[in-house]
Amino acid sequence: TVALFWEAVASFAPAERRALLKFVTSSSRPPVQGFRHLHPPFTIHKVVCEAPSMFSFIAGPDVERLPSASTCFNVLKLPNYKRVATMKERVKYAIESGAGFELS
């Protein structure tokens, strides 16, 4: 799952990468002194979830759940997607939906 995530992110446009960074950290800009100074460090938490049973016969199961984030802890909660195409689709949908932690 983590390797698929980085493969998907490698294909993102710069604007999509900024949106992903904002989705996870609440800031679209990297730390001034680099990511090694991001505290707490960026972390990917693999979320185990079951795929719908009707899809299990087509090249293995995949899940419908979207990624989520804990911005205070810089944690991306990533479901166990099986395909890069699904990973890209779901991550892009999550970061472009405009949902997330905001003060109202």
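**Entry 1: H1 against H3**

I looked up how H1 and H3 pack, and found an angle of about 65° with their axes 9 Å apart. Axes here are lines fitted to C-alpha atoms, for helices over the stretch in contact, and angles run from 0 to 180 degrees between N-to-C directions. H1 and H3 therefore count as roughly perpendicular to each other, a label for angles from 65 to 115 degrees. I noted the crossing of H1 past H3 as right-handed; that word applies if the near helix is turned clockwise from the far one by less than a right angle. From H1, the contact uses Leu 4, Phe 5, Glu 7 and Ala 8; from H3, it uses Val 84, Met 87 and Lys 88. Contact means heavy atoms within 4.5 Å.

I also wrote down what I was working with. This is a predicted model, where local features need pLDDT of at least 70 and side-chain atom pairs count only at pLDDT 80 or more, while totals for chains, interfaces and linings use all residues. Residues are numbered from 1 along each chain as its sequence is written, and side-chain values use heavy atoms, with hydrogens and water left out.

**Entry 2: The overall layout**

I listed three helices and three strands. From the N terminus on, they run α-α-β-β-β-α. Helices (H or I, at least four residues) and strands (E, at least two) are DSSP runs, numbered from the N terminus. The protein has 104 residues, and 32% of them are buried. Buried means under 20% relative accessible area, exposed over 50%, partly exposed in between (1.4 Å probe, protein chains only). Of the contacts with a separation of 6 or more, 61% join residues 24 or more positions apart.

**Entry 3: The core**

Which residues touch the most other members of the largest nonpolar core? I found Phe 5, Leu 20, Leu 78, Met 87 and Val 91, out of 18 residues in that core. At least two core residues come from each of helix H1 (2-10), helix H2 (14-25), strand E3 (75-79) and helix H3 (84-96). A nonpolar core is a set of buried Ala, Val, Leu, Ile, Met, Phe, Trp, Tyr and Cys residues joined through side-chain atoms within 4.5 Å.

I then followed Met 87. Leaving aside residues up to four places away in sequence, Met 87 touches Thr 1, Leu 4, Phe 5, Ala 8, Leu 78 and Tyr 81.

**Entry 4: Val 9**

I found Val 9 in helix H1. Val 9 is buried, at 9% relative accessible area. Beyond residues up to four places away in sequence, Val 9 touches Arg 17 and Leu 20. I checked Met 87 too: its C-alpha atom is separated from that of Val 9 by 9.3 Å, and the two residues are 78 apart along the chain.

**Entry 5: Salt bridges**

How many salt bridges are there? I counted two, taking a side-chain nitrogen of Lys or Arg within 4 Å of a carboxyl oxygen of Asp or Glu.

One joins Lys 92 and Glu 16 (3.3 Å, N to O). Lys 92 lies in helix H3 and Glu 16 in helix H2, so this pair ties together parts 76 residues apart in sequence. Lys 92 is partly exposed at 22%, whereas Glu 16 is buried at 16%.

The other joins Arg 90 and Glu 64 (3.2 Å, N to O). Arg 90 is in helix H3, and Glu 64 is in the loop between strand E1 (43-47) and strand E2 (68-70), 26 residues apart. Arg 90 is buried at 11% relative accessibility. Glu 64 is partly exposed at 48%.

Notes. Parallel < 35°, antiparallel > 145°, perpendicular 65-115°, else oblique.
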